[in-house]
Amino acid sequence: SLGGGIASNAAPGGMGGGEAQSPELKCAVPIAFRWHHNAQREVYVVGSFSNWQTKIRLTREDDGAFSTVVQIVPGIHQYKFIVDGEWRCAQDQPRCLDSVGNENNCIEVEEAEAPEEAPIDQDPTRDEPPSPRNSYSCPPVDPDEYIKDPPAMPPHLQFALLNHPPVPSQGTLLPMPHHSTLNHSYLCRQLPEGLSAVGVTTRYRSKFVTTVYYSVAAS
C-alpha cells in the first residue's frame with residue numbers, strides 16, 4: 001500500500017478552497033490526468049504531489065473515460081489510480097519503481113513559461129514620463145569615429161608566459177603570471193616558419209595552468 005489513511009478530495013490538487021495558497025502552489029502547473037481503461041464506478045488519482053494523502057476524483061466523460069486537471073508544482077512526481085477501490089497503474093503512461101519496489105506512474109512537470117511582456121512603447125497602461133520623449137537629445141555618432149585606429153593594447157598584456165623565457169636559475173619553471181594576462185589567448189612569436197602556437201593561462205585557487213595548442217600554419 002502507499003501510506004496510511006487517504007483523505008477524499010475537497011478541491012482539485014489537494015488545495016483547500018478557502019485557504020491561502022503557499023508560494024509553491026502559486027507556481028503550480030495544470031496537469032491533466034486521464035484513465036480510459038475499464039472502470040465501473042469511480043476513479044481517483046493519488047500521488048506524491050499531495051504526499052499520497054489526498055484522493056482526487058476523476059470525472060466520467062461521454063466516451064466512458066475518466067479525467068481531471070490537477071495543479072502540480074514543477075518537479076518529478078509519482079502517482080497511481082484507484083479504480084473501483086483497486087490500486088492500478090496506467091500501462092500507457094510512463095512508469096517507474098519507488099524506493100520499496102512498488103510500480104507507479106511518473107511524470108515530470110516543467111515550469112510554465114512566463115508571459116511575454118509588451119514593449120514599453122506599446123504598453124497602453126504605462127504612463128508617459130514627466131518630460132516628453134522628444135525633449136531628450138542623443139546626437140548621432142560622428143562617422144570619423146569609425147575610421148580611427150583602435151586603442152593601443154595595454155603593455156602588461158605583452159608579458160604572457162607563452163612569450164616569456166624561463167628563469168635560468170629555476171630550470172624550466174616559468175615566472176608567476178600577472179593576473180591581467182589570465183584567460184587571454186596569446187600567439188607565440190618565436191617559432192620556426194610554418195608552425196604556430198596559441199597559449200592560455202588559467203588559475204585555480206593558488207595554482208596556474210598554461211595550455212599551449214600547436215598547429216601547422218596554413219599554406
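Biologist: In this predicted model, which residues does Thr 59 touch, leaving aside those up to four places away in sequence?

Modeller: Happy to start there: Thr 59 touches Ala 65, Phe 66 and Ser 67. A contact requires heavy atoms within 4.5 Å.

Biologist: Why is Thr 59 called exposed?

Modeller: The cut-off for exposed is over 50% relative accessible area. Thr 59 has 51%, so the residue counts as exposed.

Biologist: And why is Thr 68 called buried?

Modeller: Buried means under 20%. Thr 68 has a relative accessible area of 15%, therefore this residue is buried. Thr 68 sits in strand 6 and touches, among others, Ile 31, Phe 33, Val 45 and Leu 58.

Biologist: Where is Thr 59 placed?

Modeller: Thr 59 belongs to strand 5, which covers residues 59–60.

Biologist: How do you know that strand 5 pairs with strand 6?

Modeller: Pairing needs at least two bridges between the strands. Strand 5 and strand 6 (residues 66–72) are joined by 2 bridges, so they pair, and they run antiparallel. Arg 60, for example, has Phe 66 in strand 6 as its bridge partner.

Biologist: What makes strand 5 an edge strand?

Modeller: The open sheet has 3 strands in the order 2-6-5, with antiparallel pairing. Strand 5 pairs on one side only, and so does strand 2 (29–35); these are the edge strands.

Biologist: How far apart are Thr 59 and Arg 34 in sequence and in space?

Modeller: They are separated by 25 residues in sequence and by 9.3 Å in space, C-alpha to C-alpha.

Note on methods:
Residues are numbered from 1 along each chain as its sequence is written. This is a predicted model: local features need pLDDT of at least 70, side-chain atom pairs count only at pLDDT 80 or more; totals for chains, interfaces and linings use all residues. Side-chain values use heavy atoms; hydrogens and water are left out. Helices (H or I, at least four residues) and strands (E, at least two) are DSSP runs, numbered from the N terminus. Buried means under 20% relative accessible area, exposed over 50%, partly exposed in between (1.4 Å probe, protein chains only).
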